[in-house]
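Subject: Structure handover

Hello,

Here is the structure for your files. My notes on it follow below.

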Amino acid sequence: MTYFLLSITNTCNKSCAYCVVKPWLNNPEYPDKATAEDFIAFLEKEMQPGDAVELTGGEPTLFPGFMKLLQWLKVHQAKVILRTNGAFLNGWRASYPDMVVVLARHDSDDAYMDERKGCLFPQDLVLETVEDHLKQTEQDKPIFVNNETSPLTQHPFTKMFHITNDGKVRFMSCCKEAMGTIWDYVPRKYHCCHNCPFALGAWNLIARIK
Ligand code: SF4
């Protein structure tokens, strides 16, 4: 099973003080270069039905090709994680049962959150607050803690990719080796860490999908 972490856009409608991608966010020096078609062309080479695809940003629902990418993932039977502040979250969520949404409040008010919570499935999570000791402070150093919402200590992934909105391909943060871009990527062999915090976090979310 393969896990794809796709940071599809640097655009966001918020500017949270603790945002780990703040230096790139809404910054004209770091525009989005990869389109939905580009991400799809890469996935066509590497993704199998049942693989896990996490969509993040920035705010992924503001990516112009967001619905096109999501529909392609549905047709190709991916298990999807959507991390969102709810910017464009409404009735369309009902058409994507093989997805778990992580809706973060950030500074949104109750009326905003109540409207979006009404669209969620039982497997979805609402992050009202993040305790200080659980806040990620560096982009490549996620924090994974076992608790009642993340009980699983092993993941099944044998390959993992992190692809950024500029089209760069990485084998997660532990690999410093340059892997090119989605436009010139050549499939190759990898190892995979069993205790990767990205993968453990993703697997605990995917496991919520019934
Ligand atoms: S909503 Fe998310 S991506 Fe946007 S500024 Fe806040 S933490 Fe960063």
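Buried residues, meaning those with 20 or more other C-beta atoms within 10 Å of their own C-beta (placed from the backbone; exposed is 12 or fewer, partly exposed in between), make up 32% of the 210 residues in the protein. Please note that this is a predicted model: local features need pLDDT of at least 70 and side-chain atom pairs count only at pLDDT 80 or more, while totals for chains, interfaces and linings use all residues. Residues are numbered from 1 along each chain as its sequence is written.

Overall fold. The protein has four helices and seven strands, taken as DSSP runs numbered from the N terminus (helices H or I, at least four residues; strands E, at least two). Their sequence from the N terminus is β-α-β-α-β-β-α-β-β-β-α. The radius of gyration, taken over C-alpha atoms, is 16 Å, close to the 17 Å that the globule rule (2.2 Å times the number of residues to the power 0.38) gives for 210 residues, so the protein is as compact as a globular protein of that length. The C-alpha trace spans about 50 × 40 × 35 Å along its principal axes.

The seven strands form an open sheet in the order 5-4-3-2-1-6-7, with mixed pairing; two strands pair if DSSP finds at least two bridges between them. Strand 5 (125-127) and strand 7 (169-170) are the edges, each pairing on one side only. Strands 4 and 5 run parallel and are joined by three bridges; Ala104 has Leu127 of strand 5 as its bridge partner.

Eight of the 10 residues of helix 4 are buried, among them Phe198 and Trp203, and their cover includes strands 1, 2, 3, 4 and 6. Beyond its neighbours within four places in sequence, Ile81 is in contact (C-beta atoms, placed from the backbone, within 7 Å) with residues including Val100, Val102, Ala202 and Leu205.

Ligand. Around the ligand (C-beta atom, placed from the backbone, within 6 Å) are Cys12, Lys14, Ser15, Cys16, Cys19, Val21, Leu25, Gly57, Gly58, Glu59, Asn85 and His106. This shell divides into five nonpolar, five polar and two charged residues, with Ala, Val, Leu, Ile, Met, Phe, Trp, Tyr, Cys and Pro counted as nonpolar, Asp, Glu, Lys and Arg as charged, and the others, Gly among them, as polar.

Regards

How values were computed: Two residues are in contact if their C-beta atoms, placed from the backbone, lie within 7 Å.
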